[in-house]
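Dear colleague,

Please find the structure below, handed over for your own work. My notes on what turned up in it follow directly after.

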Amino acid sequence: MALIMKYIDSMHHYMDKYGDPRTKDWPLMSSPLPTLALCLGYVYLVKVLGPRLMENRKPFQLKNTLIVYNFVQVVFSAWLFYEIGVSGWLTGHYNFRCQPVDYSNHPKTLRMVHACWWYYFSKFTEFFDTFFFVMRKKSSQVSTLHVIHHGCMPMSVWFGVKFTPGGHSTFFGLLNTFVHIVMYTYYLFTALGPQFQKYLWWKKYLTALQMVQFILIMVHAFQLLFIDCNYPKAFVWWIGMHAVMFFFLFNEFYQTTYKAHKLKREAALAAKKREAELLLQQQQQQQNGHVANGSANGGSALSNGTGNKAADYYVRGDLPAEMELTQRPTTNTTRPTTAQ
């Protein structure tokens with residue numbers, strides 16, 4: 001126990017020495033332990049406790065709740081995108097090649113620092129995505145990718161706010177908030193009901209957009225390994241490797257979900273085509289069989305008709321006109337009587 005306490009004291013000393021003093025006393029910023037506890041609690045709740053509590057309950061509908069939640073997330077993400085943009089990236093003051101962290105108290109710099117903390121806070125609000133899946137018993141949505149993504153992000157962003165709130169790493173937040181505007185807009189239309197399904201044809205492109213996001217983050221982060229930039233290399237690897245991990249996880253999801261659906265759709269079309277061909281063959285066989293039977297039956301009818309008419313002639317003595325039957329002349333074999 002003493003060893004654990006010594007380790008915790010050393011960690012706090014390191015945080016106080018190297019952490020950004022501007023965020024030291026902000027909520028959840030004094031130590032990583034509260035954030036870690038919330039992340040672990042999230043995983044336990046959505047993978048163990050939540051499904052257990054919902055096991056014998058009917059799923060909640062939550063339609064109005066989802067509409068409000070997704071609308072709020074769209075607005076929140078749009079505001080974060082705006083704040084990160086006007087604090088640096090969209091003003092021309094930030095350099096996409098290399099942007100060191102500004103540790104001054106300049107108003108625009110502090111605006112970026114506050115935007116970083118609110119971006120960190122937004123990672124907790126996204127927990128409700130999974131909570132609602134559990135309450136609605138959408139267990140297929142609570143995938144490994146989903147839980148890893150949401151469970152890791154608060155802890156990952158915490159280090160950025162603690163040590164480097166601003167600078168090069170905030171490009172990640174700029175892209176991510178833009179993607180979330182699009183993503184929660186999609187969820188909002190989904191929650192509004194089936195009448196909006198026809199507008200959601202672009203679902204698979206949303207996953208593709210997320211993968212493009214991670215590629216851009218990788219390139220933007222790893223370029224600092226090849227140029228001289230006053231930015232901590234540890235955070236270059238931290239951000240870059242997160243992007244690599246999430247890219248492969250999302251790519252696996254894309255391949256599993258959309259490629260499998262494509263193969264299933266192609267198989268269904270092929271089955272329908274085979275069924276149509278089989279039906280056509282059966283119809284042709286029926287038509288051919290009808291013609292053959294008709295010829296045979298017609299011949300029998302003609303034969304039977306001829307026989308019956310001939311029989312009628314010998315019984316009634318009236319020869320049908322259409323039959324070319326001739327009566328042979330009768331030969332008189334009686335010898336004539338002569339007078340004696």
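Asp-20 and Arg-22 form a salt bridge in this predicted model, with their closest N and O atoms 2.7 Å apart, and both Asp-20 and Arg-22 are buried. It is one of three salt bridges that a search of the whole structure finds.

Another of the salt bridges joins Arg-111 to Glu-83, where the closest N and O atoms are 2.8 Å apart. Because Arg-111 belongs to helix 4 (residues 107–125) and Glu-83 to helix 3 (residues 63–89), this pair ties together parts that are 28 residues apart in sequence. The two partners fall into separate classes of accessibility: Arg-111 counts as partly exposed, at 34% relative accessibility, whereas Glu-83 is buried, with a relative accessible area of 10%. The salt bridge between Glu-126 and Lys-123 has its closest N and O atoms 3.1 Å apart, and both of these residues are buried.

Helix 4 has 19 residues, and the distance from its first C-alpha to its last is 27 Å, close to the 27 Å expected at 1.5 Å a residue. Its buried residues include Met-112, Val-113, Cys-116, Trp-117, Tyr-119, Tyr-120 and Phe-124, and Lys-123 is also among them. In general, an α-helix has 3.6 residues a turn, so residues three or four places apart point the same way. What lies over the buried residues of helix 4? The cover includes helix 2 (33–54), helix 3, helix 5 (127–135), helix 6 and helix 7.

Turning to the aromatic rings, the count comes to 35 aromatic pairs. One of these is formed by Phe-96 and Phe-171, whose ring centres lie 5.7 Å apart and whose planes stand at 85°, so the pair is edge-to-face, the cut-off for that class being over 60 degrees. Phe-96 is placed in the loop between helix 3 and helix 4 while Phe-171 is in helix 7, so the pair ties together parts that are 75 residues apart in sequence.

Ser-169 sits in the loop between helix 6 (144–163) and helix 7 (170–192), and Ser-169 is buried, with a relative accessible area of 15%. Its side chain makes a polar contact of 3.0 Å with the side chain of Tyr-231. If residues up to four places away in sequence are not counted, Ser-169 touches Thr-164, Tyr-231 and Ile-239.

Most residues other than glycine have a negative phi. Leu-62, however, has a positive phi near 60° although it is a residue other than glycine, and Lys-137, likewise not a glycine, has a positive phi of about 60°. Leu-62 lies in the loop between helix 2 and helix 3, and Lys-137 in the loop between helix 5 and helix 6. Are these residues buried or exposed, in whole or in part? Leu-62 is buried, with a relative accessible area of 18%, which is under the 20% cut-off, while Lys-137 is partly exposed, with a relative accessible area of 38%.

With kind regards

Note on methods. Residues numbered from 1 in each chain as written. Predicted model: local features only at pLDDT ≥ 70, side-chain atom pairs only at ≥ 80, totals over all residues. Heavy atoms only, no water. Salt bridge = Lys/Arg side-chain N within 4 Å of Asp/Glu carboxyl O. Buried < 20%, exposed > 50% of the residue type's maximum accessible area, 1.4 Å probe, protein only. Helix = DSSP H or I, 4+ residues; strand = E, 2+ residues; numbered from the N terminus. Polar contact = N/O pair within 3.5 Å; in protein donor to acceptor, adjacent residues only side chain to side chain. Contact = heavy atoms within 4.5 Å. Expected span 1.5 Å × (residues − 1). Phe/Tyr/Trp six-rings, centres within 6.5 Å; stacked < 30°, edge-to-face > 60°.
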